[in-house]
Amino acid sequence: MCNQDNTPLSAYVEARIIETIKLTDEIVDLTLRREDGKPFAGKPGQFVMIKPQGRTDMLGRPISIARLNSDGTLRLLVRQAGKISKALYDAQCNSHWLVFGPLGHGFELKAGLRTALVGGGIGIAPLLELAVKLQSTGQVKPDIFLGYRDEPYATELFSPLAHEFTVMTEHGASCKQGLITEACNLENYDIVYACGPDGLLQALWRQRPDNVEMQLSLERKMACGYGVCLGCIVATQDGGNKRACADGPVFDAKELVYA
Amino acid sequence: MLDVIKIGDLNLQNPIITASGTCGFGRELAEFYALAELGGLSTKGLTYSSRLGNSGERLLETPSGLMNSIGLQNPGVQAFLDMEWPWLKQQETEILVNLGGGHEDEYIAGVELLESSSIKAVELNISCPNVKTGGMAYGMTAKSTAHIVNVIRKRFSKTLIVKLSPNGEAVSELAKAAESEGADAISLVNTFQALAVSVRERKAVFANVTAGLSGAAIYPVALRMVRDAAQAVDIPVIGGGGVMSGEDALAMIMVGAHAVQLGTAVLLDPLAPLRIIAEMNQYASEHKLSSWQEIRKII
């Protein structure tokens, strides 16, 4: 199987990890460079599929784009959840990976609005690129709310991008305890962008005032990542469903249904 | 240039067909390359009425395999004909319209709509393991396979390909039953009925308890079954099941397949069909093949 990786007939490109920083005992901050010298591309809220080089028989894992750096490298924040994400956590600098993307529909950036970003756990990742792009293209400095189960991480990446910056933890000791959804008064905003576990998104969805636009990025298991397998569906208001990978992962809250 | 492969009224430019459920109705793959690159494409499994598919977990990766429980999510035959077919028929590849059903009446209603449309071929799915009344019951025995093929053949005058289950009686018997009732070709395998348990939660991973296993893990078993079927019938056999490389696909032809379906390989990489076609062509060129016939059914 390995020699097949030499063929250019693949949607995956080869990439090398050039920096790895373990933020906690389960979260890693990775930077990857494409081996072909081309820059990684994408928009805030889009994701890539990633897997170890040589594993053409293995599915990629969907990971949100955390940053597209000006030098063309790609930054990912990854939480250990299974074997591949553990391999990413343990990955050494210069290890080789296969990356497919950017995939999906990301956040729709809107300027001139009172804006909040709400992230939960590893769901903070796509909000980083979003905060950077809101500032650089829309001159928007949003209020940023980050919620963690345990000790916070990566907060120093967000604080310079925030107007008001709020960090909360459910069980941790180093900041205010509580749920981040309780810290964010949705009425104060015209638009709220959020990413995190279903519980957090569901709470925001339930509390959403009619006049507040809400763009929610959902996490789902995926096989293909590009819309054909129908493995990552999300229930929608019309009684049907949509694909998190190709129709999302960012959805307007008005489209979604939480039972 | 190698010979065109004839399966009923279909003329495949190369032996590679993307399998039902791994290529939607073609639009996603067409973002990557012209569908004319493919020998053919088998649509997402359709039923007469639309289906939302299964709730709960739909996917689980296993060592070199993938379990799925999608549950025939589809827009229904009429919506396909209205919304997808006008675009799909313009693509320069052969289209197999995959048709499933819960019970006989549903199959009949579906195939009657397709008979009166401009589609050229139906791939009759009597082998989906993921819906409770889901067609697989028809594919479990030679007797029930013969019955449903007979019912459909009477109502469908165009190319009829019957997709067999690997979960029932010996595929050689199922294949003979389909052939004797007038199928133009058979395809196999669909996914293998399999089971996963979450020990942590002390329950089955999938709401339906079982799910279908595909991917490289099933390839050697699928290859044996394709050979069994090809030895048993004279109509063309479309082989598939865990094909990941040109070599895998060539072996399918060597055991008797006319064409080869790619399933999980397409999910793993949308460009896999092009890589596999290139690998097959390279072999053909190196071995100076002028026809796939030269290596077909040699094992």
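Start by selecting A:Lys86 and A:Asp90: they sit 4 residues apart in helix H1 of chain A, so about one helical turn separates them. (Helices here are DSSP runs of H or I with at least four residues, strands are runs of E with at least two, and both are numbered from the N terminus.) An α-helix has 3.6 residues a turn, so residues three or four places apart point the same way.

Before you click on, a word about what is on your screen. This is a predicted model, where local features need pLDDT of at least 70 and side-chain atom pairs count only at pLDDT 80 or more, while totals for chains, interfaces and linings use all residues. Residues are numbered from 1 along each chain as its sequence is written, chains are lettered from A and ligands numbered from 1 in the order in which they are written, and side-chain values use heavy atoms, with hydrogens and water left out.

**Stop 1: the helix pair**

Back to your selection. A:Lys86 and A:Asp90 form a salt bridge, with the closest N and O atoms 2.6 Å apart. (A salt bridge is a side-chain nitrogen of Lys or Arg within 4 Å of a carboxyl oxygen of Asp or Glu.) A:Lys86 is partly exposed at 41% relative accessible area, and A:Asp90 is partly exposed at 34%. (Buried means under 20% relative accessible area, exposed means over 50%, and partly exposed is in between, using a 1.4 Å probe and protein chains only.) Over all chains, the count of salt bridges comes to 26.

Now select A:Glu26, A:Arg149 and A:Asp150, which are linked in a network of salt bridges.

**Stop 2: a loop in chain A that reaches chain B**

Pick A:Asp57, in the loop between strand E3 (47-52) and strand E4 (61-64) of chain A. Which side chains does A:Asp57 make polar contacts with? One is A:Arg55, at 3.2 Å, and another is B:Ser64, at 2.9 Å. (A polar contact is a pair of N or O atoms within 3.5 Å; within protein, one must be able to donate a hydrogen and the other to accept it, and residues adjacent in sequence count only if both atoms are side-chain atoms.) A:Asp57 is buried, with a relative accessible area of 13%.

While you're in chain A, look at the peptide bond from A:Gly101 to A:Pro102: it is cis, with omega near 5°. A:Pro102 belongs to strand E7 (residues 96-103) of chain A.

**Stop 3**

Hop over to B:Glu94, in strand E7 (residues 94-99) of chain B. Is B:Glu94 buried or exposed? At 9% relative accessibility, B:Glu94 counts as buried. Its side chain meets that of B:Lys120 in a salt bridge of 2.9 Å, N to O. This pair links distant parts of the chain, 26 residues apart, with B:Lys120 in the loop between helix H3 (104-115) and strand E8 (121-125) of chain B. B:Lys120 is partly exposed, at 37%.

Next, select B:Glu112 and B:Arg155, a salt bridge whose closest N and O atoms are 3.7 Å apart. B:Glu112 lies in helix H3 and B:Arg155 in helix H5 (residues 142-155) of chain B, so the pair ties together parts that are 43 residues apart in sequence.

**Stop 4: the nonpolar core**

In soluble globular proteins, nonpolar side chains tend to be buried together. Select B:Val162, B:Ile186, B:Leu188 and B:Trp292: of the 140 residues in the largest nonpolar core, these touch the most other members. (A nonpolar core is a set of buried Ala, Val, Leu, Ile, Met, Phe, Trp, Tyr and Cys residues joined through side-chain atoms within 4.5 Å.) Helix H7 (residues 219-232) of chain B gives the most to this core, with 7 residues. Apart from it lies another core, of 29 residues, including A:Ile27 and A:Leu161.

From B:Leu188, step along to B:Val189: the peptide bond between them is cis, with omega near 10°.

Then find B:Ala284, in helix H10 (residues 272-286) of chain B. B:Ala284 is buried, at 3% relative accessibility. Leaving aside neighbours within four places in sequence, B:Ala284 is in contact (heavy atoms within 4.5 Å) with B:Leu2, B:Leu289 and B:Trp292.

**Last stop: B:Val209**

Finish at B:Val209, in the loop between strand E13 (203-204) and strand E14 (210-214) of chain B. B:Val209 has a positive phi of about 70° although it is not a glycine. B:Val209 is partly exposed, with a relative accessible area of 43%.
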